[in-house]
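Subject: Structure handover

Hello,

Here is the structure I said I would pass on. Please open it next to this message and follow along; my notes come after it.

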Amino acid sequence: MLEKAKLFLRGAHIPDKKNLSKDIPIEEMPAPPILAISLAQHIGKPATPIVNVGDRVLQGQLIGQSSGFISANIYSSVSGTVIGIEKRPNVSGAKVDHIIIENDNKYENVVLEPLADREPQTIKNRIAEAGIVGMGGAGFPTVVKLSPQTKVDTLIINGAECEPYLTCDYRVMKERPQDLLQGIRLLAKAVGVSKIIMGIEKNKPDMIEFFAKESDITVVALKKAYPMGSEKHLIYCCTGRKVPVGKLPADAGCVVQNIATALATYEAVELNKPLYERYMTCSGESLYQPRNLLVKIGTRYDDILNFCKGFKKDTAMLVSGGPMMGPAMLSTDIYTTKTSSGFLALSTKEVSVENPTNCINCGKCAQVCPMHLLPMQIDFYAQAGDFDSAESVGGVMNCISCGCCAYVCPAKRALVQSITLAKGQIMAKRRAAQAAQQQGGKK
Ligand code: SF4
Ligand code: SF4
């Protein structure tokens, strides 16, 4: 079934650059000799290591135990020996605990126990056991999203893949459609809804046509606009429902899951396979061989770069994820996680390297902001160190960090950096206030 989308008026129209990789079939990258598997690949508490240095581990063996409701299990991606448990930087530069494994290239494998049934709670338990998190970038434990506090009636599958360059979701839809459909139906069963909507951008007409043939799935053909894949905008375009400020998709009766998460659900339930590898797009005009890869979690970006034959001399920036929301990488000596959807080598032509100038009050950033904010005002307050006003006047905590404002700014203001700075300061202040309150309660 095919339905028209509700109109999405804001956002930016960005060249999608998907032609670099969209027609390249997925290839499995051989696992490197050494892997470093982060214990903090998700939102929430890091997992607790349950192996020691010197232990032999198997591919698919639990090595990090979920340490709370908002946490996730971590599995080994290869068989081999644990040669270290130590802090290493993640893509943002923060040092987090990693389990270092020397690959023995034997790929001796262990799987989860087969399930006795496919009841909703059984599926949810398996999703938690397999360590599945939102693989579109956020890394929120999937089982939590599938257990909303309010009644929901619709599952929305995010097939927008609106970030430029990224094509791995498209390749999964094209190459593993039946597995994906099973994963989608399992997610719907787990959350207890019969209405399934797939939102797919119009730059994937073959996938719109294919999935619209399924009688239990409504496909909404979305306008190609960024950030169409943001949860709130996707929900509006697919259902016409608005998620109130400060509320969750469940408050609009919806649960949103992405393509990779649905596929991981199928593999966990039907193949008893925990989450230890994922699809990612390696692209950018500076990369010699753009590719869609199946990569073991814990693979060093440098190894991926070598597998793609390296980058050209005019490389201006390396990015983990998509170019709009993914962080610029300072080093390739870091390791993939469950949320590593892309790796881009961007040329000087693709990246703005101009220095910022003063704001000229053109208003373009406000015109494109999908959250109806005034980014120039947030930038002004953040630069002045007035983070309270950035929150109370600028509403910075409603920002979804999509980067549209910075993309259109003719003065090349570093708007996203200002926003990130303000959000970080506000969160730090909230945490300090909470800690002081807890401390006071103990006295
Ligand atoms: S202020 Fe935030 S939500 Fe608005 S355009 Fe900028 S990054 Fe996107
Ligand atoms: S787009 Fe840039 S120059 Fe224009 S108002 Fe916004 S911050 Fe100022």
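Asn-105 lies in the loop between strand E9 (95–103) and helix H1 (120–129); helices (H or I, at least four residues) and strands (E, at least two) are DSSP runs, numbered from the N terminus. Although Asn-105 is not a glycine, it has a positive phi of about 60°.

Some conventions before the rest. This is a predicted model, in which local features need pLDDT of at least 70, side-chain atom pairs count only at pLDDT 80 or more, and totals for chains, interfaces and linings use all residues. Residues are numbered from 1 along each chain as its sequence is written, chains are lettered from A and ligands numbered from 1 in the order in which they are written, and side-chain values use heavy atoms, with hydrogens and water left out.

Backbone

Tyr-165 also has a positive phi, of about 75°, and is not a glycine. Tyr-165 sits in the loop between strand E10 (154–159) and helix H3 (168–175). Is Tyr-165 buried or exposed? Tyr-165 is buried, with a relative accessible area of 5%; buried means under 20%, exposed over 50%, and partly exposed in between (1.4 Å probe, protein chains only).

The peptide bond from Tyr-226 to Pro-227 is cis, with omega near 5°. Pro-227 belongs to the loop between strand E12 (217–222) and helix H6 (231–239).

Domains

The chain is divided into domain 1 (1–29 + 116–353) and domain 2 (364–442), with bounds from an automatic or database domain assignment. Their C-alpha centres lie 26 Å apart. In contact (heavy atoms within 4.5 Å) are 16 residues of domain 1 and 15 residues of domain 2. Between the two domains, the count of salt bridges is zero; a salt bridge is a side-chain nitrogen of Lys or Arg within 4 Å of a carboxyl oxygen of Asp or Glu.

Met-427 is in helix H13 (residues 415–442) and is partly exposed, with a relative accessible area of 33%. Met-427 and Met-397 are 30 residues apart in sequence and 9.3 Å apart in space, C-alpha to C-alpha.

Ligands

The residues around ligand 1 (a heavy atom within 4 Å of it) include Cys-369, Cys-399, Cys-402, Cys-404 and Cys-405. Around ligand 2, the residues include Cys-359, Cys-362, Cys-365, Cys-409 and Arg-413.

Regards
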